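Hi everyone, thanks for making time.

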Amino acid sequence: MAYKGIGLLEVLGNETRRKILELLAKEPKYLLQLSKELNVSQQAILKHINILMRAGLIRAYEVKTGSLGPSRKYYELIRPISMTVNVFKGYSEVKIYDINGEVPENIKGMLKNIENAIKRDIREMEMVFSEVRRLIREIDNELREIREKERALLNAKCRVLDLVYEYLRKSGLPMSRSKGILESLIGRC
C-alpha cells in the first residue's frame, strides 16, 4: 500500500517516525518540542516530519504566539491507522488499516448520546465524561477479548504450519513440490 509515492510500511518502519506519531497522537507539538522530547536534532525531526506529511499521516498549522512574536508551526496527527504484522514459518502478512468508517451497532447509540449531550449544554460535561469513560472501558474490554482470540488463532495456525513443514521436510519431496503444496494450503486471503 503506497501513499503519495511512499510505502506506509516503510514510513512506519522507522522508530523515530513511530515515536513522533505517538507524541502527536497525544497532542499537537512544534518542532523544538519534538526535538527535545526525542533527543534528536531539529533537522532530523524535520526530515521525518516531511516524510510523515507526504504519507498523509500528519499536517502542519501555524499559531500566532503574540503580537510581537512570530507564529509557531505545530504538527498534528490527521489520519488514524492500525498495523498488524504476523510472521512465522510458512506465513507472513502485514496489514495496515485506516481507522475510519463503521462503528459496531452496540456502540452507535452510546456515541449518539455523547454527541447529543455535548451539543445540548456544557454543564452536562461531567455526565458526558462519565459516559465516555464507561464507553472506552467497554471498547477496551472488547478489543482485549478480540486480541486474545486472535493470538490463539495465530498460535493454532503457526502450529499447523510447523507440522506441515516437518512433514514436508521428512517426506524428501523436492523443494519446488513442497513450496507448491504450502502455497496451495495457505492460499492468499
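Before I get going, one term: a pocket here is found on a 1 Å grid over the protein atoms alone, as an open set of points where a 1.4 Å probe fits, with protein on both sides within 12 Å along at least five of seven lines, and its lining residues have an atom within 4 Å of a point. Keep in mind that this is a predicted model, where local features need pLDDT of at least 70, side-chain atom pairs count only at pLDDT 80 or more, and totals for chains, interfaces and linings use all residues. Residues are numbered from 1 along each chain as its sequence is written, and side-chain values use heavy atoms, with hydrogens and water left out.

OK, the overall layout. The protein chain has 7 helices and 7 strands; those are DSSP runs, H or I of at least four residues for helices and E of at least two for strands, numbered from the N terminus. In order, the pattern goes β-β-α-α-β-α-α-β-β-β-β-α-α-α. The radius of gyration, taken over C-alpha atoms, is 23 Å, well over the 16 Å that the globule rule (2.2 Å times the number of residues to the power 0.38) gives for 189 residues, so the chain is more spread out than a compact globule. Along its principal axes, the C-alpha trace spans about 80 × 45 × 25 Å. And 25% of the 189 residues count as buried, meaning under 20% relative accessible area with a 1.4 Å probe, protein chains only.

Now, the pockets. The largest one has a volume of about 620 Å³, where volume is the space filled by probe spheres set on the grid points, joined across faces, edges and corners. Which residues lie nearest its centre? Those are S82, Y97, I99, L143 and R147, out of 18 lining residues. β6 (81–88), β7 (91–98) and α6 (125–171) each supply at least two residues of that lining.

The second largest pocket holds about 200 Å³ of space. Its lining is L12, R18, L21, E22, A25, L57, L77, R79, P80, I81 and M83.

How values were computed. Buried means under 20% relative accessible area, exposed over 50%, partly exposed in between (1.4 Å probe, protein chains only).
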